[in-house]
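Here's a quick tour for anyone meeting this structure for the first time. Have a look at the model below, then follow the notes topic by topic.

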Amino acid sequence: MSAGKPPFDSPEIRRLTPVIGPGYTYGSVTDKISSIVLTRPTSLGWYIGFLIAFSLLGMMTVAIGWLIIKGTGIWGINVPIGWGFAIVNFVWWIGIGHAGTLISAILFLLNQKWRTSINRFAEAMTLFAVACAGIFPLIHTGRPWMAFYMMPYPSTMGLWPQFRSPLIWDVFAVSTYGTVSLMFWFVGLIPDLATLRDRSVQKPMKIIYGMLAMGWRGSARHWHRYQSAYLLLAGLATPLVLSVHSVISFDFSVSIVPGWHTTIFPPYFVAGAIYSGFAMVLTIAIPLRKAYALEDFITMRHLDNMAKVMLATGLIVAYGYFFEFFLSLYSGNKFDVFLVQQRLHGPYAPFYYALILCNILTPQLLWSYKLRHNVAVLFLMSIVVNIGMWLERFVIVVISLTRDFVPSAWGRYSPTFWDWATFIGTMGMFVTLIFLFVRVLPAISIAEMRELVAETSEDEK
Amino acid sequence: MAQIFHRSTNFIARFSVFSTLFLVGIALVAVLAVARSPYMTRQNITREQPVQFSHKHHVGDDGIDCRYCHTGVETSAVAGIPPTKTCMNCHSVLFNNAPYLEPIRESYRTDKSIQWVKIHRLADFVYFNHSIHINKGVGCSSCHGQINQMPLVFQANTLLMQWCVECHRDPERVLRPRDQVFNMDWKAPDNQAEVGAKLREEYQIRTTAELTSCSTCHR
Amino acid sequence: MDGMREHEQHEHLDGLHDHNDLGGDAKLREGPLDLAAVRAKLQFKTGKQYWRTLEELAGDPEFEGLLHREFPRQAPSEWDDSVDRRDFLKLMAASLAFAGLSGCGRTPEQYVVPYVKQPDGMTLGKPQFYATAMPFGADAIGLLVESHEGRPTKIEGNPDHPSSVGATNVFAQASILNLYDPDRAQTVTKFGEIQTWSLFVDSAQAIAAAMKGSNGAGFRILSGIVTSPTLAAQIQSLLTLFPQAKWHQWEPAVGDGAREGAKLAFGSYLNTVYRPEKADVILSLDSDFLGSGPGHIRYAREFSRRRNLDQFFEGDRSGPEMNRLYVVEPTPSVTGATADHRLPLRATEVELFARALAAKLGLGGSSAPLPSATEKWLDAVAKDLQRHKGASLVVAGEQQPAEVHALAHAINDGLGNNGKTLYYTEPVEAHPVNNLESLRELCSDIYDGKVETLLILGVNPVYTAPHDFDFASKIKFDEKKNRKPVKNTIYVGSHFDETAELCDWHVAESHYLEAWGDARAFDGTLSVIQPLIAPLYHTHSGREVLAAFGDKPGLSDYDALRDRLKAANPSTDFEKFWRKTLNDGLVAGSAFVPANLALKFSAASLPPPKTTPATDIEFIFRPDPCVYDGRFANNGWLQELPKPVTKLTWDNAALISPKTAENLQLAHNVAWRGGEHGKVYSNVIDISLSSSKVTAAAWRLPGQADGVIVLPLGYGRKKAGYTGTNKGFNAYAVRTSDALWTASAPTSAVKKTGDDYPLACTQYHFSMEGRQILATGTLAEYHKNPNFANELAQLPPKELSLYKGEAEFPYDRDKWAMAIDLNKCNGCNACVVACQSENNIPVVGKDQVMRGREMHWIRIDRYYEKAKSATNDPSSYDDSLFNPQTFFQPVPCQQCENAPCEQVCPVGATVHSAEGLNDMTYNRCVGTRYCSNNCPYKVRRFNFLRFQDWETPQLKLLRNPEVTVRSRGVMEKCTYCVQRINNARIEAEKSNSPIHDGAIVTACEQACPTEAIVFGNANDKDSRVAKLKAQQRNYSLLGELNARPRTTYLAAVRNPNPELESA
């Protein structure tokens, strides 16, 4: 791009890296995006990628089936470490599922133009991540077929769930978040579905898209209602973004386990969630724009902004770590102090250092304009942050449990083959869904891009 | 270009949306209902027994006391199904060649137990104790219904936990004077409320909190 | 919706658990086809007939099922991560059925099977208790056995019995599992083919007839120690019938030292009975008298009575003051752990010490020079003993040589303890002999071809005999000579084991709960063994087998016993006497009277001692604390029981002091899976001793004398059954007759193989990390500040709880609580097994223990005071590991009033009861394990896999119908034996009377020999538990967490000798 280092966000940069490439008209935008779904032949790469992802998904189903037959004993968990990979992955996936709604809802309310071209697939990613996350709380129980006990329903036992338990709060938080995100995403899709309906050639496609479009005719009334509905949902989704991970952090902060029992968790979990969320958006956006030549829609501007958000949330997380550390020492609680020592010198110390490296040190590179504008670096960085955030959850969930109050009960944890199979399997599921998504739905909101065209062209004048 | 959908589809669309919601609701209710239905609880279902033993005849007509056969009921957790010997006490003399009593005689001859179909079943993790209920003034018929009118015994109540807990939450409703415990025809008097309260005092029945602790029934 | 009910049925298929209206025997008949049934069908069939019946059976699908079924098991098979094809298909099917798994559908019909004629005096649904006794070595432990509808389910001690005093030990508790052991031999076999008893009796008679001419010259009987007068009488009658016949005895794990020592000191075999209660100062010369050996339960009880501190607390110091225990031993025992002063010495040095002590006390003999530290120690002990003449006691260890025992007798005599803190009686054994010599004679006789018929009663010489005797070759078919060394070999044993394999006849032996008999207790009390159940299989007692050779082959055990008692008590009204005896479980006043004899021995007369060269390594053999001499190898409960000090399970290991291990460069490392609470890899070593070799895992054991390697006996069985075969290493393989207890060899005898072996250790970490987990102090400190245990902990007010709702529990009626006196607990493990037996706790197998998933509801933590090392475990060396002070802490569920587990359970499966228990409701649990994570004491246990055995019919008979059998995927934990609480409460409420103190006794409390565990109602100010909790020693574990545990501990107080303290 440009040499030298102009001040951030100056009009110059706007010009240099606009939110949409120059010279687009309504028609061209629509053509370009819809063609990905309708006309463009499916590439070999898509098939290969899909096949790999799908086989991983298969592995997951096998792993879960085996789990049902044998029991959670096939995992590495034990007493004292009652929670292992399952919960780590759950928290990690939910975290990832934050960026989408944040981008589409909060940035929408803040009227950030640059969200337009990334919100669609970010939301999709959110849904898929939440789906992956949703699997774990269910299967990690000893008797999944009894899990409905956690639902409040008039049972023949005359019993209700125990509402003091954070796990019950989870059930509500996650399901609500999932539902609202889904509606938000779908509502946003309707105009585009209509576009696809009108542009697709084969009859069956017309019918399917037609049904999904729910009779959208683009009349002024439709647009008016659409926008107010979208606005309302945005307003509804916004608090959820913050609540979900706060509630999940309660699972830990409400307990008495040293390393879990700390009040700083809610904010620091949310920040971490957004952090990993944006990382994942980058991880997907970068290959996507390359594969479908969308550099003009997902411009450096977007990448740059997302990098900045990552940097910001990353710093919040760093602050969180520091205070977790500080408070333990400051409290003088011998168990907390011991935990800190364990993290630094205990058998699991390498994980802690790796975590610091991935989540705190590496992201500092993002201060550099050059690196922010180097796609390859950004991509690597996003991967590193994802790993880092997974490590964070591992450190919190597992390592805190290995050495708590009574030394005689101390133990260790190491995952089994089945732990890995389930974890990697969910990744397979995630990628599979992404592949299907880009193939059958517009990965970028056509309607909103049209507006953008309008607005930017006004800027030109 | 031609419309893909006829206008009527608008209606169909709306209709299907609402009906799905409706059906889901119905389904949920149905599941809850089935769980409580006699199909699952076996309430009010009589079953074939190896010997067509009639409580109506033995209790209702002959007026034999429950405890003649169910000997453990006042002292033990289980009332006890009588051994074949008990039947033979009388039937070695009465109807001692009635064909329908052959299974009894055979069992006595061959020393092979009779296999009765179990009517009142609690899950194995429920530890019900007959003796304490009897001693605290809970009558047979409160749970088993009017056995003296049953030619073939059936389960008069659901035996769902819900049902047990109702009583444990306020026992007053069913408490009766000790001398009425084995009376199959006992009906709650109109002033059962205060009678029950008084009896609860008298029998020193424990607080509801204690009666509804899990370990009262589950170990 | 109704999946829950459906599922519950799945989980509780255990037919017997359906306790409604079900007779035990009735159930036996209804039970599925098992080996016993097959045998029944095959009985009295031979040759053609036999095979035809088999063919008929082969048609029977159930029988095929039986054949295809894997070995009947106690422990689940070690399960691995691999998926084979069949599993894979199952898995596919399951994932299809996944949705339907909760299965809305009705449960199948169930049937009620009443008795035809109900036994008298039995009320269905009410357990009955019978008095009996368990013969064990030179002792018999009096028992009360609980029986549900005819099947024994739980063993308790008999309070009226001298050797039990109401308590039990691990062996007595676990022996019930031996009764139902699916691998027990179930019938008579000849050359491994099923035969009938009648056939056996015929051939026995034939053999007897043949021997008549020669007066039974070639007839030999080999038994263990026999304390049963009836059995002895039977043998005697045979010996009179065949004057030339001989009776040999071999008890592998009991030394001849005690016998020969008595002879040396008094000129005849004698039995020594100690009275620890009367002793102020006790010195143990390598004796584990609190943990093993005849009368140890009684001794532990008497000893602990002298560790009471109540009188101090009540301000009245008139009561007997706390006693003081010195222990000299080569390897840590529970007695050593209880000691106020413990001195690790090599086994041979113990004799030197004894000699020196005798010399110092002026009893003659030369005092060989001792190391200065030892010398100083010795001085202090000698002074202390002299200060307490007549109130002191010196106990010599079972495995110590005759000299040490003689010296102990001499010292006790010199201190005037005889008749005060100990007394002598005639031997408890019916026919005491030097076991080693007796076996040696038998072997040489066989070698010389003098033996024609060998009858082995219950002992397993092929496995246990010294390897230089090579017993197998004595009865195996001799290829070279092409003949059998012994013409007829008959073996009576409970399992088809190493010996049974090589004998012609194998008669399955009845369990002691299946046959009538008698046995003498450690003090001579004649105890009656009353069967609780008819033999499950076609088994017979040793006495019956003997009788088969005699003139009254048909004589039943019952008649034999009654005849003998009649003969012994001619005057009394026998039936009355008989009823009383059965009721008491013992013959009143049958204890031996103290004999007073003059000491005919002076230390001076002893030959110079034989010692191990300082540079050599000393190998000592000890019975294993869990499987003893190997007879319990197939007992899953004992295999999985963490050994008191090492906390190892499922294996034995060569125990080495950390320093010696350091010199030999033997290391441990903690595995990543399971870790400190599960799996430790240790170096494997080859031990070459006396022209033989064994390969063992080496284990660093703090507190063990340097230069000593302990080889625990009882493992490495080749043919013990599913559970016991090929576990650990066989120490008998290097045990020779000339070094039965102590062998020595240069360090070169120990070689590292370079391999590592995973050991299942339930507590590897030994440090308290400076936290006040187990409060300890000295008597002086206690006098200064009785409240020392509570100094460190700051207890927050209960109101701190977020949930003020907790106040809704006033606990105004009963408030169940437990107090555990750490001053008394000696870590003997009896409570752990008792709990396992009472609460249907499954055995999970070594693999699962290594993953940190053992299921014991009460665990015993072991900590080393003042011991430290870089890693706070024995894997790195530090001098403080040389002789650390060991403490034990039993940890059941603490039943918190502010229970962290209750707050986090999403479904309310663990809930507070109105009496303050943490009720655990299995059928509501979905298994999130959140409660376990949040439990600071980590006392919750989770069914990670299907640990409970649902198939094996025998094990269904074992279960306690009062306790739910847990399924896979649910959490479980100690309930304070809520089933006992409920039953006691119901009985009390029927008469509207309060539950008096002691009406409820938890299984652990009942089993405890030292009365360390006390349970009761904390609201009742006069209850024992309330009194204990009122003591200042009483403290809460992790009290600062404000969980308000109902189980509290009384600090351990040791009573060290000031003279040694100053050093």
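Let's start with how much of chain B is tucked away: buried residues account for 43% of its 219 residues. Keep in mind as you read that this is a predicted model.

**Chain B as a whole**

- Chain B is built from 11 helices and 1 strand.
- Along the principal axes, the C-alpha atoms of chain B take up a box of roughly 95 × 50 × 35 Å.

**A closer look at B:Val181**

- You'll find B:Val181 in a loop of chain B, between helix H9 (161–169) and helix H10 (192–203).
- Is B:Val181 buried or exposed? B:Val181 is buried, because its relative accessible area is 1% and the cut-off for buried is under 20%.
- B:Val181 and B:Ser141 sit 40 residues apart along the chain, yet their C-alpha atoms are separated by 8.2 Å.

**The sheet in chain C**

- Chain C has an open sheet of 3 strands, in the order E2-E3-E4, and the pairing is antiparallel.
- Which strands stand at the edges? They are E2 (128–136) and E4 (151–157) of chain C; each has a single partner strand, so one side of each has no neighbour in the sheet.
- From one strand to the next, the twist averages 35°.
- E2(C) and E3(C), the latter covering residues 139–148, run antiparallel and are joined by 9 bridges.
- To see this pairing at the residue level, look at C:Met134, whose bridge partner in E3(C) is C:Ile141.

**The nonpolar patch on chain A**

- Which residues make the nonpolar surface patch of about 440 Å²? The patch is formed by A:Leu44, A:Tyr47, A:Ile48 and A:Ile52.
- One of these residues, A:Tyr47, belongs to helix H3 of chain A, which spans residues 44–70.
- A:Tyr47 counts as partly exposed because its relative accessibility is 47%, and that class lies between the under 20% of buried and the over 50% of exposed.

How values were computed:
Residues numbered from 1 in each chain as written. Chains lettered and ligands numbered in written order. Predicted model: local features only at pLDDT ≥ 70, side-chain atom pairs only at ≥ 80, totals over all residues. Heavy atoms only, no water. Patch = residues over 30% accessible without salt bridge, like charges linked within 9 Å, V, L, I, M, F, W, Y side chains within 5 Å. Areas by Shrake-Rupley, 256 points an atom, 1.4 Å probe, with all protein chains shown as cover. Salt bridge = Lys/Arg side-chain N within 4 Å of Asp/Glu carboxyl O. Helix = DSSP H or I, 4+ residues; strand = E, 2+ residues; numbered from the N terminus. Buried < 20%, exposed > 50% of the residue type's maximum accessible area, 1.4 Å probe, protein only. Pairing = 2+ DSSP bridges. Axes fitted to C-alpha atoms, helices over the stretch in contact; angles between N-to-C directions.
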